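Please look over the sequence and the model below before reading on. The report that follows takes up packing inside the protein, one topic at a time.

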Amino acid sequence: MSNSLLFAFVVFAVVMFFTPGPNNIMLLSSGLTYGFRRTVPHIAGITVGFAFMVGAVGVGLGAVFIAYPVLQTILKYGGVAYLVYLAAVIAMAEPPSADKDDRPGRGPMTFWGAAMFQWINAKGWVMVIGTITAYAAIAAFPWNIAIQVGLSLILGTMSCIVWALFGTALRPVLTSPRAIRAFNVVMAILLLASLYPVFMDA
C-alpha cells in the first residue's frame, strides 16, 4: 500500500464528507428541529448506506451503470425530484410539540430512508466514483475496497455527528417558531442550490 495514496484518499474523503451537501444540510436542519437523539437513525442510515454503496460499486455494480447509462439518468432526475420534495418538507418543518409528534409523516428521516437516499444523492455518486476510480490502487483488490468502506464508515460517522450536533447546538439560540422556520427555509434553499452541479452536468 502506498502511504502517499492513502493520505491523498483520506484528504479527499474528509473534504467530501465534511463540506456542505444534501446529507449535511438535512442533518443540520434535523438536529435543530428534532434534536440529536432523534436524528441518530438518520445519521446511521447515511453512514451505513453510503459505505454499502461504496462496497457495492467497488465489487462490480458500477459496471452495470456503465453498461446501461439510462439507469444513471433515471437515478439523477429521480434524485432531483426527491431533493425538491425534501427541500419543501424542510422549509415547512416546525419544532415538534406534544400534540404534533405523533402525526403521520412528521419526524426526522428514518434509517432506511436515509440509507436509500444515498443511491439518488448526486454528491454521493461523485464521492463514490472518485473513491473507486481515482483511489482504486490504494491496495490490492479486495483490500482496497475494504479500506475504502472502512474509512467511509469512520469519516462518515464523524461528519454526520458534527453536522447534527451543530444543528442541535443552535436550538438554544433559535428558540421561536418563526426563527426556526426561517432557518429551515434557508436550509431548503441551500439544499436546492446543491442541485447546481447536476444541471451543469446535464
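Which residues does leucine 191 touch, not counting residues up to four places away in sequence? In this predicted model, leucine 191 touches Pro22, Ile25, Met26, Leu83, Leu86, Ala87 and Ile90, when residues up to four places away in sequence are not counted.

The largest nonpolar core has 26 residues, and of these Met26, Leu86, Phe183 and Leu191 touch the most other members. Two or more residues of this core come from each of the elements α2, α3, α4 (69–91), α5 (111–117), α7 and α8 (177–193). Another core, of 22 residues, lies apart from it, and its members include Ala56, Trp119, Val128 and Ile138.

## Histidine 42

Histidine 42 is placed in helix α3, which covers residues 36–67. Histidine 42 counts as buried because its relative accessibility is 3%, and the cut-off for buried is under 20%. Leaving out residues up to four places away in sequence, histidine 42 touches Met26, Leu27, Ser30, Met109, Thr110 and Ala114.

## The cavity

A search of the whole structure finds 1 cavity of 30 Å³ or more, and the largest cavity holds about 150 Å³ of space. The lining of the largest cavity is made of 15 residues, of which Phe17, Asn23, Asn24, Ile46 and Met127 lie nearest its centre.

By class, this lining has 7 nonpolar, 7 polar and 1 charged residues. At least two lining residues are supplied by each of α1 (3–18), α2 (22–34), α3, α6 (122–134) and α7 (143–169).

Notes. Residues numbered from 1 in each chain as written. Predicted model: local features only at pLDDT ≥ 70, side-chain atom pairs only at ≥ 80, totals over all residues. Heavy atoms only, no water. Helix = DSSP H or I, 4+ residues; strand = E, 2+ residues; numbered from the N terminus. Buried < 20%, exposed > 50% of the residue type's maximum accessible area, 1.4 Å probe, protein only. Contact = heavy atoms within 4.5 Å. 1 Å grid on protein atoms, 1.4 Å probe; cavity = no way out; pocket = protein on both sides within 12 Å on 5 of 7 lines; lining within 4 Å. Points joined across faces, edges and corners; volume = space filled by probe spheres on them. Nonpolar A, V, L, I, M, F, W, Y, C, P; charged D, E, K, R; others polar. Core = buried A, V, L, I, M, F, W, Y, C linked by side-chain atoms within 4.5 Å.
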